[in-house]
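Trainee: Could we go through this model together, one spot at a time?
Mentor: Gladly; here is the structure.

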Amino acid sequence: MANRHLSRSIAMQSLYEWDFGGKDPAKLKEITEKNMAEFGPGLEGAEFIWRLVNGVAENLSKIDKIIEKSAPEWPLDQITIVDRNILRLGLYELLFGDRKEAPPKVAINEAIELAKSFSGESSGKFVNGVLGTVYREIGEPQKDE
């Protein structure tokens with residue numbers, strides 16, 4: 001598994017655990033450190049994991065509003081915790097991340113792969129639908145690159 005994909009997996013698992021536990025800001029660092037030690041010992045790219053986890057946490061209310069707008073038939077609390085955090089991670093990369101580091105289509109594809117690996121049968125399509133909607137609404141940046 002490539003370092004970036006593993007880093008995203010660890011970030012998603014950390015956000016999942018944090019969300020499941022009530023989103024206590026004081027626990028996010030501890031949860032992430034535990035998951036990095038367990039799932040990625042010696043992993044190069046720890047700064048990428050921290051950027052993702054902290055970026056999602058710092059932009060959580062903005063990201064959640066975008067999910068609610070992009071999936072109006074799915075109230076946020078009815079989206080499974082796994083899918084909700086995959087969407088948060090994907091939207092963070094899509095909207096707030098460094099596009100040179102992860103172009104929009106890479107961010108979307110990585111989120112779909114996380115959904116296929118960690119969630120239900122239809123989750124990949126759901127994540128693709130929500131992120132694709134947001135991508136089109138922001139004008140499909142870097143479409144031709």
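Trainee: Where is Lys23?
Mentor: Lys23 sits in the loop between helix H1 (3–20) and helix H2 (28–39), where helices are DSSP runs of H or I with at least four residues, numbered from the N terminus. This is a predicted model, in which local features need pLDDT of at least 70 and side-chain atom pairs count only at pLDDT 80 or more, while totals for chains, interfaces and linings use all residues. Residues are numbered from 1 along each chain as its sequence is written, and side-chain values use heavy atoms, with hydrogens and water left out.

Trainee: What is the phi of Lys23?
Mentor: Lys23 has a positive phi of about 60 degrees, although this residue is not a glycine. Most residues other than glycine have a negative phi.

Trainee: And how accessible is Lys23?
Mentor: Its relative accessibility is 30%, so Lys23 counts as partly exposed; buried means under 20% relative accessible area, exposed over 50%, and partly exposed in between, with a 1.4 Å probe and protein chains only.

Trainee: Moving on to Ser7, is that one buried or exposed?
Mentor: Ser7, which is in helix H1, is buried, with a relative accessible area of 1%. Leaving aside neighbours within four places in sequence, Ser7 is in contact with Leu43, Gly45, Phe48 and Ile49, contact meaning heavy atoms within 4.5 Å.

Trainee: What lies over the face of Phe48?
Mentor: Arg4 does, at 3.9 Å from the ring centre; the rule is that NZ of Lys or CZ of Arg must be within 6 Å of the ring centre and within 35 degrees of the ring normal.

Trainee: How many aromatic pairs are there?
Mentor: The structure holds 3 aromatic pairs, counted when rings of Phe, Tyr and Trp (its six-membered ring) have centres within 6.5 Å, with planes under 30 degrees apart called stacked, over 60 edge-to-face and the rest tilted. One of them joins Trp74 and Phe126, whose ring centres are 5.9 Å apart and whose planes stand at 65 degrees, so this pair is edge-to-face.

Trainee: Which parts does that pair tie together?
Mentor: Trp74 lies in the loop between helix H4 (60–70) and helix H5 (81–96), and Phe126 in helix H7 (residues 123–137), so the pair ties together parts that are 52 residues apart in sequence. Trp74 is partly exposed at 38% relative accessibility, whereas Phe126 is buried at 18%.

Trainee: What about Tyr92 and Phe96?
Mentor: Their ring centres are 6.1 Å apart and their planes at 20 degrees, so that pair is stacked. Both are in helix H5, 4 residues apart, which puts about one helical turn between them. Tyr92 is buried at 9% relative accessibility, while Phe96 is partly exposed at 32%.

Trainee: Which residues does Phe96 touch?
Mentor: Not counting residues up to four places away in sequence, Phe96 touches Asn59, Lys62, Ile63 and Leu91.

Trainee: Last topic: which residues of H1 and H6 meet?
Mentor: His5, Arg8, Ser9, Met12 and Gln13 in H1 meet Val106, Glu110, Glu113, Leu114 and Phe118 in H6.

Key. Helices (H or I, at least four residues) and strands (E, at least two) are DSSP runs, numbered from the N terminus.
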